[in-house]
Amino acid sequence: MDQWTLWMNAPAPFMNSNDRLSRWEKARRTKAWRSSAFLLARVNHLPQGLERIRVDAVLYFTTARDRDTSNYELTLKPIVDALGPDKSRVSKDKQGRLKRVEAPGWGVIPNDTPKHLSGPHIVLDEIPLGDVLSFGKVQLTITDLTPTVESAA
């Protein structure tokens with residue numbers, strides 16, 4: 001069973017379901033998280049075309065306080081989307097002009113449905129004193145759950 005552990009400095013503030021963001025700010029943060037996760041997958045040469053993976057994430061915050069883990073699924077959604085297929089496309093705006101919609105995906109798995117993905121499983125933590133970052137960081141652990149020929153028999 002192959003496993004990869006990747007570290008990502010938070011490219012934007014963590015998003016949680018209690019945030020009251022404008023749609024533009026939410027889109028900006030989502031794009032930042034997805035783009036960063038895509039680049040992380042590419043730079044680390046993650047495999048493409050796996051059948052099933054498990055994603056574990058530890059979110060490290062810069063301040064210590066009580067937080068509700070499930071609120072931060074919103075941050076993990078664009079990260080997981082970046083591990084799926086590329087969904088960039090060209091579309092038309094309201095004036096009929098062509099525009100490119102960036103939704104990069106590395107293609108680790110064909111889709112982020114339960115058939116191909118277990119998780120993301122989230123743990124919250126704080127950054128040790130002395131590790132100073134603007135927004136925090138994320139530790140991603142990706143485990144290949146693709147059945148092997150031996151286990152299928």
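The legends below go with close-up views of one predicted model.

**Notes for all views.** Because the model is predicted, local features need pLDDT of at least 70 and side-chain atom pairs count only at pLDDT 80 or more, while totals for chains, interfaces and linings use all residues. Residues are numbered from 1 along each chain as its sequence is written, and side-chain values use heavy atoms, with hydrogens and water left out.

View 1. Helices (H or I, at least four residues) and strands (E, at least two) are DSSP runs, numbered from the N terminus. Read along the sequence, the pattern is β-α-β-α-β-β-β-β-α. The C-alpha trace spans about 50 × 50 × 25 Å along its principal axes. The chain has 153 residues, and 37% of them count as buried. Buried means under 20% relative accessible area, exposed means over 50%, and partly exposed lies in between (1.4 Å probe, protein chains only). Look also at the contacts, meaning heavy atoms within 4.5 Å. Among contacts in the chain with a separation of 6 or more, 78% join residues 24 or more positions apart.

**View 2. Helix 1 covers residues 23-43.** How far apart are the end C-alpha atoms of helix 1? They are 30 Å apart, which agrees with the 30 Å that its 21 residues should span at 1.5 Å a residue. The expected span is 1.5 Å times one less than the number of residues. Several residues of helix 1 are buried, including Trp 33, Phe 38 and Leu 40. Arg 29 and Arg 34 are also on the buried list. The buried residues of helix 1 pack against strand 1 (3-9), helix 2 (73-83) and strand 6 (137-144).

**View 3. Arg 23 lies in helix 1.** Is Arg 23 buried or exposed? Arg 23 is exposed, because its relative accessible area is 64%. Now find Thr 63. Arg 23 and Thr 63 are 40 residues apart in sequence. In space they are 26 Å apart, C-alpha to C-alpha.

**View 4. His 45 follows helix 1 and has a positive phi.** His 45 lies in the loop between helix 1 and strand 2 (53-61). Its phi is near 50°, a positive value in a residue other than glycine. His 45 has 65% relative accessibility, so it counts as exposed.

**View 5. Helix 2 is mostly covered.** Eight of its eleven residues are buried. Among them are Leu 76, Pro 78, Ile 79 and Val 80. Asp 81 is buried in helix 2 too. What covers these buried residues? The cover includes strand 1, helix 1, strand 2, strand 5 and strand 6.

**View 6. Strand 2 pairs with strand 5 and with strand 6.** Two strands pair if DSSP finds at least two bridges between them. Strand 2 and strand 5 run in the parallel sense over eight bridges. Here Phe 61 has Glu 126 of strand 5 as its bridge partner. Strand 2 and strand 6 pair in the antiparallel sense, over eight bridges. Here Val 58 has Gln 139 of strand 6 as its bridge partner. Strand 2 is mostly covered, with seven of its nine residues buried.

**View 7. Strand 5 holds Ser 118 and Pro 120.** Ser 118 counts as buried because its relative accessible area is 15%. Its side chain makes a polar contact with the side chain of His 121, at 3.0 Å. A polar contact is a pair of N or O atoms within 3.5 Å; within protein, one must be able to donate a hydrogen and the other to accept it, and residues adjacent in sequence count only if both atoms are side-chain atoms. Leaving aside neighbours within four places in sequence, Ser 118 touches Arg 52, Ile 53, Arg 54, Val 55 and Leu 145. Next, look at the peptide bond from Gly 119 to Pro 120. This bond is cis, with omega near 5°.

**View 8. The largest pocket has a volume of about 170 Å³.** Helix 1 and strand 4 (98-101) are the elements that give two or more residues to its lining. Helix 1 gives the most, with five residues. Lining residues include Ala 27, Arg 34, Arg 100 and Pro 104. On a 1 Å grid over the protein atoms alone, a pocket is an open set of points where a 1.4 Å probe fits, with protein on both sides within 12 Å along at least five of seven lines; lining residues have an atom within 4 Å of a point. Grid points are joined across faces, edges and corners, and the volume is the space filled by probe spheres set on the points.
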